[in-house]
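Here is a short briefing on one model and its two ligand sites. Look through the sequence and structure, then read on.

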Amino acid sequence: MVVVLEKNISDKLIENVIKHLEDFGFAVHKSTGVEQIILGAIGVKPDFDTRKVKILDGVAEVYRITEPYKLASRTFQKNDTVIKIKDISIGANEVVMMAGPCSIENEDQIFTIAEIVAKSGAKILRGGAFKPRTSPYAFQGLGEEGLKLIRKAADKYNLLVITEVMESNQIELIQEYTDIFQVGARNMQNFSLLRDLGKITKPIMLKRGLSATVEDWLMSAEYILSSGNREVMLCERGIRTFETSTRNTFDLSAIPVVHKRSHLPVIADPSHATGLRDKVLPMARAAVAAGADGLMVEVHNDPEKALSDGPQALLPDQYLELMNQVKLIAGVIGRTM
Ligand code: PEP
Ligand code: MN
């Protein structure tokens, strides 16, 4: 940590800041510049609250130089994490597609969509059985019945399943049916759920919270990793900003930012990020170009009648076109799809 002291600070205040830093357990190195004094506080303390120093008299600025997350960081692990599930690798050269409806609605719907998803060459079928809806009156998902349907549909078309878990008490049930657990944006900081997911042996896809910084997001990943599960991938799904033309603001730059700070795979979800069907294809192209290790997109055979997120669901033909286009982009940057 670097502590910049105010100009013309008295010796007494300097001594006071140094004493506090030493009491916090840091070794202190003092450098006197032309105008200001800088203190280097040496000691690895990932959970140290820098505000304890910021509020001391005579302190102008405090900069943290080590990340507060450890297991998620590139410093800890240089090589990319590659998550292998059956014959699929997430985080390697191949860009992985996860597609399907927002919610599993009925047998006919999920089988129809699974067939389209498989035909496109995608490997993973998405679909929620437990839905985090803003309104308690909106469709909340089919629960176990939905899990059974998505598993059956995925097995018929040789696909993997990703589905959302909202509460710790659903883990055991969902585990029987899914290959990957999805943690939704609204649960990114449900720390007890993250800890419990750290104790299982299936991969977790952690979506970015609606107003989470990259650091918040990586700290949440750290909860799962530090509880024992090292198979974590992240998913950028748009964040809340002042802009209202799209449902969320797709933070594309988060993809290279996370890749630099962390070894974990990054998936991009242009469906929730934009919330509008006609914006999904261009942003999917952009996400692959930006280096996403996979895409998650919503597709529906009859989006007008969809029980959730119909306006952002691609029609089957649009989805197939998206696959054609993103494969081309992947090729341009030397990746397969
Ligand atoms: C979803 O994937 O359907 C979903 C609810 O996503 P998010 O948590 O990103 O809103
Ligand atoms: Mn959705």
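Which residues are closest to ligand 1? They are Arg-126, Gln-182, Ala-185, Lys-207 and Arg-237, among the 13 residues that surround ligand 1. Here a residue counts as near if one of its heavy atoms lies within 4 Å.

This is a predicted model: local features need pLDDT of at least 70, side-chain atom pairs count only at pLDDT 80 or more, and totals for chains, interfaces and linings use all residues. Residues are numbered from 1 along each chain as its sequence is written, chains are lettered from A and ligands numbered from 1 in the order written, and side-chain values use heavy atoms, without hydrogens and water.

**Ligand 1: contacts and cover**
- The side chain of Arg-126 places an N or O atom 2.7 Å from an oxygen atom of ligand 1.
- For Lys-131, a polar side-chain atom is 2.9 Å from a ligand 1 oxygen.
- For Arg-237, the distance from a polar side-chain atom to a ligand 1 oxygen is 2.6 Å.
- Alone, ligand 1 exposes 300 Å², and the protein buries 97% of that (Shrake-Rupley method, 1.4 Å probe).
- The shell around ligand 1 holds seven charged, three polar and three nonpolar residues.

**Manganese ion (ligand 2)**
- Its protein donors are Cys-102 (SG), His-272 (NE2), Glu-298 (OE) and Asp-309 (OD), at 2.0 to 2.4 Å; donors are N, O and S atoms within 2.8 Å of the metal (3.2 Å for Na, K and Ca).
- The donor residues follow the spacing C-x169-H-x25-E-x10-D in sequence.

Methods: Polar contact = N/O pair within 3.5 Å; in protein donor to acceptor, adjacent residues only side chain to side chain. Nonpolar A, V, L, I, M, F, W, Y, C, P; charged D, E, K, R; others polar.
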